[in-house]
Amino acid sequence: MTHQDNHPPDCYSNSEGSLTVEQALQRVKGLLPVIEASEILSLDDCSGRITANAITCEQALPSFANSSMDGYAFNSIVMDGNRTEPLTLLEVGVSLAGHPYKGSVATNQCVRITTGAKIPVGCDVVVIKENTSVVKSGSETLIEIKHLPKPGENVRAVGSNLATGDQLCERGSKIHPALLGLIASTGMTSISCIRPLKVAVFSTGDELVVPGEAAGDGQIYDANGYLLKSLLQSPCIEVTDLGIVADSTHAVREVMQKASQADIALSSGGVSVGEADVVKQVLEESGTLQMWKILMKPGRPLTFGTLDSGTRYFGLPGNPVSAMVTFAVFVVPAIRHMLGIKGQVTNTIRATCCDDLAKQPGRMELQRGILTLSDYGDWQVATTGLQDSHILASMAKANCFIRLAIESNGVTAGETVDVIPLDNFAI
Ligand code: AMP
Ligand code: MG
């Protein structure tokens, strides 16, 4: 049933002056600065932050050859032309992790060694303990090697992890757990990181009250403030919560003034057709505003502006699901762009759709789904139910978006669809 009308991919891009998501993103990114300012952070404080420089390895890792197994280190010369088993060697000492064997080892001798222990001088191979047996002879300990190792086996060579001068990471890398561990293993104590991005958040609407206050007739609790603050939780972001703002030029003017300290001001609500006038008026006084119709559902208009202070402004829709979707699609890439984050890609999974999905051609849709891996190892996705943009309950159940292309006219159960797990949108 899907993709029946074979439109070329970009044929909707200019319909009624609308933009595809990709076109709008390109425009937004073209209007964003990239933060250069950095700060030096200790290893304890830099997890999840963005590197301000490439980091190179000053000293090879490992810095000394060491054993990858528990066993006996010896010189492979004794195996040359003598691959007959067993081979018997005299144990002359022990090399433990952190306690190297200080002497030098002659041919026909060996040293008992543990994982991570330094390979003694004179040795170049390790036989695993399981392939040996210990023979006591008077005061001497002889080691019988029942299966000879291959030359160099079980020895971790100098620089096999990183060679001197190798790059650990490029500028703009997110310091994830493995990278932080790698940095620590070089002995570095601090890292130059991009300063946190300052994001101010507020919710607009005369109908909104904070949870904990009494909701009067026709009033609702502010969901978006909490939803957005939660989406913004990241070591790279400093959030300023500017609370709830009334639908008046005076209130919007006041909040924009406060938000002008931030790199990004993020509001929800008050930017539907007609309603946008308040925001528009304020931004015309103190900045610029652009509103683009996006070929996307939910969240058709995207409101983007720049305050005179340089703060970039995103006016997200008021319906909570639309706010979340536009945040994922536009604000997340914008934040990554401003922080100069490199190499973050959206991982899309192809999954079998368990349900029929209704859709009209004309807009790309992100529907809410539950992605699971079946017992047979196939990805399957089910709808969370009603897709109206006020139904946050169906978003709260979801762990992914099902992405339906502009030209799609729906999905029949059993078809394969593109799925974007929500963890793609973590910053
Ligand atoms: P608006 O975009 O301001 O026209 O709002 C669209 C819908 O979203 C209306 O039903 C609003 O009441 C609702 N809405 C706006 N802001 C919020 C909010 N912060 N939390 C929950 N619902 C909201
Ligand atoms: Mg409103």
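Predicted model: local features only at pLDDT ≥ 70, side-chain atom pairs only at ≥ 80, totals over all residues.
Author: Residues are numbered from 1 along each chain as its sequence is written.

Reader: What makes a space a pocket and not a cavity?
Author: On a 1 Å grid over the protein atoms alone, a cavity is a set of points where a 1.4 Å probe fits but cannot get out, whereas a pocket is an open set with protein on both sides within 12 Å along at least five of seven lines.

Reader: What is the volume of the largest pocket?
Author: About 650 Å³, a volume being the space filled by probe spheres set on grid points joined across faces, edges and corners.

Reader: Which residues lie nearest the centre of the largest pocket?
Author: Val21, Glu22, Leu25, Thr346 and Arg403, out of 27 lining residues; a lining residue has an atom within 4 Å of a point.

Reader: How many of these count as nonpolar?
Author: The lining divides into 16 nonpolar, 5 polar and 6 charged residues. Ala, Val, Leu, Ile, Met, Phe, Trp, Tyr, Cys and Pro count as nonpolar, Asp, Glu, Lys and Arg as charged, and the others, Gly among them, as polar.

Reader: Why is the second largest pocket said to lie between domains?
Author: Because domain 1 (4-37 + 196-339) and domain 4 (349-425) both give residues to its lining. The domain bounds come from an automatic or database domain assignment. Among its 20 lining residues, Lys297 and Ser389 are two of those nearest the centre.

Notes. Chains lettered and ligands numbered in written order. Heavy atoms only, no water.
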